[in-house]
Amino acid sequence: MEYRNVPTTCIYCGAGCGLYLQVLDGKVVGVLPNKAHPISQGKLCVKGWNAHSFIYHEDRLTKPRIKMHGKWQEANWEEALELTATRLTEIRNAYGPDAIAVLASAKCTNEENYLLQKLTRQILGTNNIDHCARL
Amino acid sequence: MEPALLDALREAVAQALDGLDGVVALRADRGGGVPHLFRSKEELSALALSPKYPLPAVLRLIQEAHPESKLGIVCRGCEERGLIEMAKRNQLKLDPVRVIGLACTAEEARECRCEKPYPDVLVNTCVGEKVAGVTNELVQEFLTRSTAERLDFWQRQFAKCMKCYGCRNACPQCACPECSLEEELWIKKGEVPPPFPVFHLLRAMHTVGKCVGCRECELSCPAHIPLTLIYTLLRRDVKELFGYESGRSVTEEPPLVTELEG
């Protein structure tokens, strides 16, 4: 029997509200607002209150998938990264770097998003990078 | 004063832990406190007094998953009243629960405009010094206004609502698997602010006989709507019409569950 709260930041927008994930016996069961958080001060919006609901959702992708002949097929990371790198290079060579755009995610960490913009600007050579948190 | 109070509470929880599977209380975390199930005395160095969180709802969550568990809970006055009302609606079992009472300080009582800032129904003694209840000046002032002024006041307040459902989510008494506030019949999806006054009066109606004035709804409202003002007046009405006070006794039956006539 275990019940604890894990502090984290809401993944839905750029405000960065503080919340706790309620963990019961190793499973996330709910959200509590972080009352001591300097930004959100114990308040959350409807998204924050439901920030945990995608964790065990049946629609959540846990493995990479490749669309082949119009159908999604599960792949391993090696295959997925190989294909992505090859196609991005082909597209860049054929149409120029600005033919590519990259969408980052608020569900990634700050560091992961930093690396993604680095990859976009330095390697792909375009400034076309944006993210879902720019609400 | 606070370190002494915290030490006293730590002592009380440590004693209670001996015969229990765990105690629901607050654990210190980055400048605040957060609900936690304390299972051993070693953990108690991190025990905290505030800020207040809906601990009875946490107890319900754990008891649901572990029906045979023997749990303790640190309860302030409002939390004790909350436990009592929840037990009356089969939300939790009171018998196996050991309550460790904690009295609020005069400052905390004032902040919450609390009429009874200490537990004394499920416990004989409590940690901290009991202080007298506070007269709700906000309510007193509000009652001097005319009906038109009050309507205008609530129209302005509820126009700020961003429909986060925080008031409902934070409420330990709100536990229906299907909530009227999500019924398309009453509340259309995707409309903000929600319809006046249906949304808020629907919720207010559903707190009748249950609301214990813990203020969690108000504290969780991003729009700073003074929700307890409405609920305090409803509690007054329930008391005047039915002689019922939420959380006052374990045996008194809530009026809307048992009778239809005032």
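How many salt bridges does the rule find across the interface of chain A and chain B?

1. In this predicted model, the rule finds 1 salt bridge across the interface of chain A and chain B. The partners are K35(A) and E216(B), whose closest N and O atoms lie 2.7 Å apart.

2. On the side of chain A that touches chain B, the elements giving two or more residues are β1 (3-9), β2 (18-24), β3 (27-33) and α1 (46-49) of chain A, and β1(A) gives the most, with 4 residues. The residues on this side divide into 13 nonpolar, 4 polar and 4 charged.

3. The contact draws on 21 residues from chain A and 34 residues from chain B, and the area buried between the chains is about 2200 Å², 65% of it given by carbon and sulfur atoms. M1(A), Y3(A) and K35(A) supply 35% of the area that chain A buries against chain B, more than any other three residues.

4. Three strands of chain A form an open, antiparallel sheet in the order β1-β2-β3. Because β1 and β3 of chain A stand at the edges with a single partner strand each, one side of each is left without a neighbour in the sheet. The twist from one strand to the next averages 30°.

5. The antiparallel pairing of β1(A) with β2(A) runs over 7 bridges, and P7(A) stands opposite Y20(A) in β2(A). Helix α2 (residues 55-65) of chain B packs on the sheet, touching β1, β2 and β3 of chain A, and its direction makes about 25° with that of β2(A).

Notes: Residues are numbered from 1 along each chain as its sequence is written. Chains are lettered from A and ligands numbered from 1 in the order in which they are written. This is a predicted model: local features need pLDDT of at least 70, side-chain atom pairs count only at pLDDT 80 or more; totals for chains, interfaces and linings use all residues. Side-chain values use heavy atoms; hydrogens and water are left out. Contact means heavy atoms within 4.5 Å. Buried area is the accessible area (1.4 Å probe) that two parts lose on being put together, summed over both. A salt bridge is a side-chain nitrogen of Lys or Arg within 4 Å of a carboxyl oxygen of Asp or Glu. Ala, Val, Leu, Ile, Met, Phe, Trp, Tyr, Cys and Pro count as nonpolar, Asp, Glu, Lys and Arg as charged, and the others, Gly among them, as polar. Two strands pair if DSSP finds at least two bridges between them. Axes are lines fitted to C-alpha atoms, for helices over the stretch in contact, and angles run from 0 to 180 degrees between N-to-C directions.
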